[in-house]
Amino acid sequence: MATWSGIKNKLENDYLCPALRGRIQYFVTRYHEAHDREGRAAIRLDGVEVLRSNYYDYRDTLWSRFNLLREDPTEKNDYRLAYESTLNDGCFDQRVFYEAFHIFDNQSIEESMNSDNPLVRVFAVLDRRLGKRRLLAIAEKMEQELPWVRAFYVIRMQAEGLMETEKPIR
C-alpha cells in the first residue's frame, strides 16, 4: 500500500479537477496514542468537512446491521449487505477510504463512475478526467445518486460554473 502522503498527493494534485485544486482536501488519520490506534477520514471543502466518518461509528453501524440481518433466516451474505448499506449511508473508516482509493486508482474513469462503492464515485466526480460535457450529461443519473455523493456533484458543478452557487444542495 502507498503512503498516506502519496495517496493525498495523487488525489489532490494528479486527479482533482483544476477548479477545485486548493479547495478540496482529503484527510485521514490514525490516533497512535489511542489504545486501538484507530482513526477517521474526511473530505473537506474550503476547510469545512463535507464528508466525515470514523472507525467507531463505522464499526457500531456495521455490526448493528449485521446482527439484524443475521436474525433473518432468509438473508444470505449478511456481512456484505451490512457493509454495503453502511457505506451507502456515508459511514466508513480509514481502511475503507484507502480501499476505495486503491479501486479508483486502478481502473478507468468510466468504471469508477459506475462503481458499486460510493466513495469511488465521489473520487470520480471530482476527477479532472471527467469533463464539463460529461458532467452535464450525467445530471439525470446524479438525481438518482446517494445524497452525499450528489453533494460532491453539486460542488463540482458549481466550481466549474455549470450550476448557480445559490442553488441549495438537495
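These entries record what I looked up in a predicted model of a single structure.

**Entry 1. Confidence**

I began with the confidence values of the prediction. The chain has a mean pLDDT of 92, and 96% of its residues reach 70 or more.

**Entry 2. Helix 6**

I turned next to helix 6, which spans residues 118-125. How many of its residues are buried? The count is 8 of 8, and the helix is thus mostly covered. I noted the buried residues by name: P118, L119, V120, R121, V122, F123, A124 and V125. At the start of this helix, I found a side-chain oxygen of N117 within 2.8 Å of the backbone nitrogen of L119.

**Entry 3. Helix 6 against helix 9**

I looked up how helix 6 is placed relative to helix 9 (residues 147-159). Their axes come within 9 Å and cross at roughly 5°. Angles under 35 degrees count as roughly parallel, and the two helices are therefore roughly parallel to each other.

I then listed the residues that meet. Helix 6 contributes P118, L119, R121, V122 and V125, while helix 9 contributes W148, V149, F152, Y153 and R156. By class, this contact comprises 8 nonpolar and 2 charged residues, with no polar ones. Of the residues on the helix 6 side, R121 is among those I had already recorded as buried.

**Entry 4. E12**

I moved to helix 1 (residues 4-15), where E12 lies. Is E12 buried or exposed? Its relative accessibility is 13%, so E12 counts as buried, the cut-off being under 20%.

I also checked the surroundings of E12. Leaving aside residues up to four places away in sequence, E12 touches R21, I24, Q25 and Y26. For Y26, I recorded a further detail: its backbone nitrogen lies 2.7 Å from a polar atom of the E12 side chain.

**Entry 5. S5**

My last entry concerns S5, which is also placed in helix 1. S5 has a relative accessible area of 53% and is therefore exposed, since exposed means over 50%. I found a polar contact between the side chains of S5 and T3, at 3.2 Å. I also looked up S5 and R59, which are 54 residues apart in sequence; their C-alpha atoms are 25 Å apart in space.

Note on methods
Residues are numbered from 1 along each chain as its sequence is written. This is a predicted model: local features need pLDDT of at least 70, side-chain atom pairs count only at pLDDT 80 or more; totals for chains, interfaces and linings use all residues. Side-chain values use heavy atoms; hydrogens and water are left out. Axes are lines fitted to C-alpha atoms, for helices over the stretch in contact, and angles run from 0 to 180 degrees between N-to-C directions. Helices (H or I, at least four residues) and strands (E, at least two) are DSSP runs, numbered from the N terminus. Angles under 35 degrees count as roughly parallel, over 145 as roughly antiparallel, 65 to 115 as roughly perpendicular and the rest as oblique. Contact means heavy atoms within 4.5 Å. Ala, Val, Leu, Ile, Met, Phe, Trp, Tyr, Cys and Pro count as nonpolar, Asp, Glu, Lys and Arg as charged, and the others, Gly among them, as polar. Buried means under 20% relative accessible area, exposed over 50%, partly exposed in between (1.4 Å probe, protein chains only). A polar contact is a pair of N or O atoms within 3.5 Å; within protein, one must be able to donate a hydrogen and the other to accept it, and residues adjacent in sequence count only if both atoms are side-chain atoms. pLDDT is the predictor's confidence in each residue, from 0 to 100.
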